[in-house]
Amino acid sequence: MVWLSEFAGCFILLAGGYAYMCNISLKKTQIAALNYTELTIAWSLAVGFGLAVSSIMGGPAYLNPGVVLGNVICNGMGIGEAALYLLMEFLAAGAAMLVCMIFFWDSFRASTDAPKRGIFSAYPVEKNLPLNFIQELIATFFFMFIVFMCITGVSDLKAGNQSLIIGMVGFGAVAFLSLSFNSTGYSMNAMRSVFSSIWFTVLPFPNKNGEKVDWKYQLTVNFIGSSMGGILAVMATSYLKSIL
């Protein structure tokens, strides 16, 4: 159930976010245009519900490779256990994209000229690899630090109350970051961008038109940058909780 909870939480997080991105990026959809307030609410709800469902199912609700790696470094998680969490996150990314591909199949077919890779991966307002790396690290650290510190002590509450608080914290943290440290598209999660980039090259989306993933950016910023931010957040919160 722990592994299933990680898969379910990740799937809800990504499917909700990706579906909104499909709605604003493709033709013949119900939304069809970017509204930043809606964007903030959509991703905040996706993260909040993902965290809540994973928690209700009894999982730790990591939902982020950086958090998994941080627990390996700081909290003694075994390599085999970490690999299973990462596998669940990777499979959830593929499942979420497959569902979006099927659901929006006609929209993808109608969108002959619209770029597709940005639906599933975050890219910066202005590409500057060294600066983007630092931006992603800072944004991820802020996000994870806020979530971890705000849910300190929820283990003393009933399971339903725990999940409600965790979901609300996730919603609030994403909303905060989307309106503040957002220069790299506030991915803050290698699962959201890097794992999806792998699946984007594999799945038969209509009209990909030879779009290529920017692997240098994805690996440098969205994998190493966000993972380091998550690791530092785990280290900081583990230390602070030990002395509080």
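This is a predicted model: local features need pLDDT of at least 70, side-chain atom pairs count only at pLDDT 80 or more; totals for chains, interfaces and linings use all residues.

Student: OK, helices to start. How do I read two that pack together?

Tutor: Two packed helices are described by the angle between their axes and the distance between the axes. Helices here are DSSP runs (H or I, at least four residues; strands are E, at least two), numbered from the N terminus. An axis is a line fitted to C-alpha atoms, for helices over the stretch in contact, and angles run from 0 to 180 degrees between N-to-C directions. In your model, helix H7 (residues 129-150) packs against helix H10 (residues 215-243) at about 35°, and their axes are 7 Å apart.

Student: Which hand does the crossing of H7 and H10 have, left or right?

Tutor: Right-handed. A crossing is left-handed if the near helix is turned anticlockwise from the far one by less than a right angle, and right-handed if clockwise. The contact of H7 with H10 is made up of 17 nonpolar, nine polar and three charged residues. Here Ala, Val, Leu, Ile, Met, Phe, Trp, Tyr, Cys and Pro count as nonpolar, Asp, Glu, Lys and Arg as charged, and the others, Gly among them, as polar.

Student: Next, what is the volume of the largest pocket?

Tutor: About 1000 Å³. On a 1 Å grid over the protein atoms alone, a pocket is an open set of points with protein on both sides within 12 Å along at least five of seven lines, while a cavity is a set where a 1.4 Å probe fits but cannot get out; lining residues have an atom within 4 Å of a point. Grid points are joined across faces, edges and corners, and the volume is the space filled by probe spheres set on the points.

Student: Which residues are closest to the centre of the largest pocket?

Tutor: Of its 49 lining residues, those are Val47, Leu51, Phe143, Met144 and Val147. The elements giving two or more residues to the lining are helix H1 (2-25), helix H2 (36-56), helix H3 (65-74), H7, helix H8 (159-178) and H10. H2 gives the most, with six residues. By type, the lining has 29 nonpolar, 18 polar and two charged residues.

Student: And how do I read a pair of aromatic rings?

Tutor: A pair of aromatic rings is described by the distance of the centres and the angle of the planes. Rings of Phe, Tyr and Trp (its six-membered ring) pair if their centres lie within 6.5 Å; planes under 30 degrees apart count as stacked, over 60 as edge-to-face and the rest as tilted. This structure holds 15 aromatic pairs. One of them joins Phe108 and Phe205, a tilted pair with 5.1 Å centre to centre and 55° between the planes.

Student: Why does the pair of Phe108 and Phe205 tie together parts that are 97 residues apart in sequence?

Tutor: Because Phe108 lies in helix H5 (residues 105-110), whereas Phe205 is in the loop between helix H9 (190-202) and H10. Both Phe108 and Phe205 are buried (under 20% relative accessible area; exposed is over 50%, partly exposed in between, with a 1.4 Å probe and protein chains only). They also belong to one aromatic cluster with Tyr18, Trp43, Phe120 and Phe200.

Student: What about backbone angles?

Tutor: Most residues other than glycine have a negative phi, and most peptide bonds are trans. Ala32, in the loop between H1 and H2, has a positive phi near 70°. Met188, in the loop between H8 and H9, has a positive phi near 55°.

Student: Is Ala32 buried or partly exposed?

Tutor: Ala32 is partly exposed, because its relative accessibility is 44%. Met188 has a relative accessible area of 4%, so Met188 is buried. For an exposed case, look at Met168 in helix H8, with a relative accessible area of 55%.

Note on methods. Residues are numbered from 1 along each chain as its sequence is written. Side-chain values use heavy atoms; hydrogens and water are left out.
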